[in-house]
Every structure is written in structure tokens, then in C-alpha cells.
Amino acid sequence: MWFGCPGAADNEHGRFPLYPGESVWIEYAYTVGDNKWGNWFQRAVRLPTEQLEVQLAFPAALDPVVWGTETSMTAEASPLRTPPVRSDDGELRQFTWITTTPALHARYRLEWRFRARTERDTDQGEFR
């Protein structure tokens, strides 16, 4: 797992350096309740990266829809070059978005809306 220290990484075996020409696979997951976070996720690319993949999973009953934008230090926000791909698995609806060799300092933002929720439900922070 990456802890924001350039040139080093951690895993269950300890901390180790990354030297020029070496690479590491960084994977992490977390769950956030909607009362703690808004309807977006954003990731900035700060190190040379071969592939960036984001997966979002929501209750299918909320009828979620997902879209995204890309910005850089020199460009305004524009739609993602490839849209997130949707897949349904029982009570979950998952969206997967992948990009290869993203530019350094690019910023990717995925946003979502729950079509089965009214604005009033959203303001109260409750699932219905």
C-alpha cells in the first residue's frame, strides 16, 4: 500500500525503497458512507504510472449513473477519453474505469448520481 512517501512503499513485510527502473503494484480499497463524503472520487497522478484503474460499487436499487473528467496543469476539465464500464452483479452495480500511461500531474475525477433518490433524500444523507 502506498503512503504518500515518494520513492518508498509499504506492505505486510515492511517498508522498502523503489529505485529508478523498478516498479510496484499498488492496490487499495476502502468504503465510505455517503454521510461522510460527497458524490465524487478524485485521483491525481504524481508518479509515472502504467495503468490506473478505479472501481466503484453501489447498491443497484439506487440506480446509479457514473461519469468523469480529466484535468491537467495546462488544460481545463474535459470528459474522460473512455467512459466507465457498467456491470451488474445481483444487488450491486459496479463501474470500472481504466486508463493506461496517464500523464504526470493529470487529475481524474469520477462523479455519480443516484437516479432512484430525490434531492430531499440526498440532503438528509439517507439511503431509501
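Visitor: Which strands each supply at least two residues of the lining of the largest cavity?

Guide: Those are β3 (40-44), β4 and β9 (107-114). Strands here are DSSP runs of E, at least two residues long, numbered from the N terminus. This is a predicted model, where local features need pLDDT of at least 70 and side-chain atom pairs count only at pLDDT 80 or more, while totals for chains, interfaces and linings use all residues. Residues are numbered from 1 along each chain as its sequence is written, and side-chain values use heavy atoms, with hydrogens and water left out.

Visitor: What counts as a cavity, and as its lining?

Guide: On a 1 Å grid over the protein atoms alone, a cavity is a set of points where a 1.4 Å probe fits but cannot get out, and lining residues have an atom within 4 Å of a point.

Visitor: How many cavities of 30 Å³ or more does a search of the whole structure find?

Guide: One. The largest cavity holds about 40 Å³ of space, with volume taken as the space filled by probe spheres set on the points, and grid points joined across faces, edges and corners.

Visitor: Which residues line it, then?

Guide: Phe-41, Gln-42, Arg-43, Leu-52, Val-54, Trp-97, Tyr-108, Arg-109 and Leu-110. By type, that lining has six nonpolar residues, one polar and two charged. Nonpolar covers Ala, Val, Leu, Ile, Met, Phe, Trp, Tyr, Cys and Pro, charged covers Asp, Glu, Lys and Arg, and the others, Gly among them, are polar.

Visitor: Back to β4. What's the strand order in its open sheet?

Guide: β4-β8-β7, three strands with antiparallel pairing. β4 (51-59) and β7 (85-89) are the edge strands, each pairing on one side only. Two strands pair if DSSP finds at least two bridges between them.

Visitor: How many bridges join β4 to β8?

Guide: Nine, with β8 covering residues 92-100. Gln-51 has Thr-100 as its bridge partner in β8, and Phe-58 has Arg-93.

Visitor: And what about β7 and β8?

Guide: Five bridges join that antiparallel pair. Val-85 sits opposite Thr-96 there. The two strands make a hairpin with two residues between them, and Gly-90 in the turn has a positive phi of about 65°.

Visitor: Which residue other than glycine has a positive phi near 50°?

Guide: Asp-63. You'll find Asp-63 in the loop between β4 and β5 (64-71). Asp-63 counts as partly exposed because its relative accessibility is 27%; buried means under 20% relative accessible area, exposed over 50%, and partly exposed in between, using a 1.4 Å probe and protein chains only.

Visitor: Where is His-105?

Guide: In the loop between β8 and β9. His-105 also has a positive phi, about 70°, although it isn't a glycine. At a relative accessible area of 45%, His-105 is partly exposed too.

Visitor: Switching topic: is Thr-99 buried or exposed?

Guide: Thr-99 is buried, because its relative accessible area is 14%. Thr-99 belongs to strand β8.

Visitor: What does Thr-99 touch?

Guide: Leaving aside residues up to four places away in sequence, Thr-99 touches Glu-50, Gln-51, Leu-52 and Tyr-108. Contact means heavy atoms within 4.5 Å. Leu-52 and Tyr-108 are also among the residues lining the largest cavity.

Note on methods:
Helix = DSSP H or I, 4+ residues; strand = E, 2+ residues; numbered from the N terminus. 1 Å grid on protein atoms, 1.4 Å probe; cavity = no way out; pocket = protein on both sides within 12 Å on 5 of 7 lines; lining within 4 Å.
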